[in-house]
Amino acid sequence: LARVWDRRLFLTQASLATKEPLLAHRRAVFEMLGMGEQVAKGWMHWAKMARHAGHERTASSSVMQAERHKAERAHLAVAKLKWSQPSERHEALRVLRQHIDHQAEAGGEG
């Protein structure tokens with residue numbers, strides 16, 4: 001299901017207005033099916049699109065939702081979002097350092 005929807009999403013118009021309702025629908029369906037990893041991926045996809053379109057608040061909110069659903073690479077999305085704001089670049093590096101330190105303590109998993 002996810003692969004078929006990924007292909008269809010790829011074929012849609014690249015605008016946020018077109019993709020947002022599709023991604024919201026996908027997240028809702030995956031949520032009902034208990035597919036948390038797919039929900040997280042949907043939030044991460046939306047965060048990336050929002051960040052590229054310059055919608056930092058939307059991107060930040062989406063990353064928080066992705067974190068809530070245990071997205072594997074949410075720390076990278078947070079760092080990229082912070083890096084896109086020159087006054088937050090030190091914070092972006094801190095986020096990455098904190099993740100690296102956490103992984104080292106956990107034995108390198110994830």
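Predicted model: local features only at pLDDT ≥ 70, side-chain atom pairs only at ≥ 80, totals over all residues.
**View 1. The buried residues of H2 pack against H1 and helix H3 (36–52).** The buried residues of H2 are Lys19, Leu23, Arg26, Arg27, Val29 and Phe30. Look down the helix axis and these buried residues fall within an arc of 165°, so they line one face of H2.

**View 2. Now for the other face of H2, the one turned away from its buried side.** Here you'll find the exposed residues Ala17 and Met32. To count as exposed, a residue needs over 50% relative accessible area, while buried means under 20%.

**View 3. Helix H1 (residues 2–11) packs with helix H2 (residues 16–32).** The angle between the two is about 175°, and their axes lie 11 Å apart. That angle makes H1 roughly antiparallel to H2, because anything over 145 degrees counts that way. On the H1 side, the contact is made by Ala2, Trp5, Asp6, Leu9 and Phe10. H2 brings Lys19, Leu22, Leu23, His25, Arg26, Val29 and Phe30 to the contact. Sort the contact residues by class and you get eight nonpolar, one polar and three charged.

**View 4. Here is H2 from end to end, plus what comes just after.** With its 17 residues, H2 reaches 24 Å from its first C-alpha to its last. That's close to the 24 Å expected at 1.5 Å a residue. Just after the helix, check out Gly34: this residue takes a positive phi of about 70°.

How values were computed: Residues numbered from 1 in each chain as written. Heavy atoms only, no water. Axes fitted to C-alpha atoms, helices over the stretch in contact; angles between N-to-C directions. Helix = DSSP H or I, 4+ residues; strand = E, 2+ residues; numbered from the N terminus. Parallel < 35°, antiparallel > 145°, perpendicular 65-115°, else oblique. Contact = heavy atoms within 4.5 Å. Nonpolar A, V, L, I, M, F, W, Y, C, P; charged D, E, K, R; others polar. Expected span 1.5 Å × (residues − 1). Buried < 20%, exposed > 50% of the residue type's maximum accessible area, 1.4 Å probe, protein only. Arc of directions from axis to C-beta.
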